[in-house]
Amino acid sequence: MPGADEFAAEAALLANALREAGQLATGMFGAGVKSWIKDVSSPVSDADIAVNNLLEKRLRPFNPDYGWLSEESVDDPERLSRSRVWVVDPIDGTRAFLNKRNDWSVSVALVERGIPVLGCVYAPMSDEFYLAERGKGATLNAGTINAAVGTDLDLTRIAAPQSILDRVAKIAGGTSGSPRIGSLALRMCRVANGALDVAFAGGHSRDWDIAAADLIVSEAGGAMTELSGENLRYNCPKVTHGTLVAAGLPRHRHLLEALARSPVFNANAPI
């Protein structure tokens, strides 16, 4: 485990960088930025690139031995040889950003040997600034946060893609009415602060979508895992993950048990 102040400098740097990145993105929000499609269906915009460039400029010089993995940077396999790596999503929820919705965020984690040790998610439009350091808890706007307790499944407090919500409804009963949250990182962080009981990610989320939120949820007394219960590892050759679920620990255990018993879920197949 790291010493009490091992990541103090990185934490301060990360917090300042995300504040600046959020300000830059907000200044471009609704300003008619150019956008295009990459990888068949993923939107990217001038704002994504501008924020990525700012974060790289602020973070990479801190320690040249730290690797870099970002959604908007060409992947450099050299990262695999680095024990510590910045994992960056300049704008998580680009579709929401381009559609002038507020549910997007900037998300950055510092990963050490596959495990997040620092995580920050900033949603400037809703003034949500989440920060966590391994072993030191999680905060929202500098106040300590905790995942909701209990094991019940209230569909109005579960956020997920509709295909997953429909399947959970068969387990929990009732009609799904989940809040729409474009940023996956923000969706998971709202489990950490108790605004949601459960959040799912459909198959094919990537390291940069979830690494920071993973730590924030964990430090708030929750867990984010594969449906099989397997913990996540980052900075591997393959950065894509299967279907994920995040919740407070008792609810997370209860839900995984219920999913394992249900014929409508298959823990080995992404949804």
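The model is predicted, so to speak of local features we need pLDDT of at least 70, and side-chain atom pairs count only at pLDDT 80 or more, while totals for chains, interfaces and linings use all residues. Residues are numbered from 1 along each chain as its sequence is written, and side-chain values use heavy atoms, with hydrogens and water left out.

First, the helices. Helix 1 covers residues 8–28 and helix 2 covers residues 46–59; helices here are DSSP runs of H or I with at least four residues, strands are runs of E with at least two, and both are numbered from the N terminus. The two helices pack at an angle of about 155°, their axes 10 Å apart. Axes are lines fitted to C-alpha atoms over the stretch in contact, and angles run from 0 to 180 degrees between N-to-C directions. Helix 1 and helix 2 are therefore roughly antiparallel, the term for angles over 145 degrees.

Residues in contact, meaning heavy atoms within 4.5 Å, include Leu14 and Leu18 in helix 1 and Val51 and Leu55 in helix 2. The contact has 14 nonpolar residues, no polar and three charged. Nonpolar means Ala, Val, Leu, Ile, Met, Phe, Trp, Tyr, Cys and Pro; charged means Asp, Glu, Lys and Arg; the others, Gly among them, are polar.

Now the loops. Most residues other than glycine have a negative phi. Arginine 113, between strand 5 (105–112) and strand 6 (115–123), has a positive phi of about 50°. Arginine 113 is exposed, at 59% relative accessible area; exposed is over 50%, buried under 20%, partly exposed in between, with a 1.4 Å probe and protein chains only. Aspartate 127, in the loop between strand 6 and strand 7 (128–133), also has a positive phi of about 50°, and is partly exposed at 46%.

Notes:
Parallel < 35°, antiparallel > 145°, perpendicular 65-115°, else oblique.
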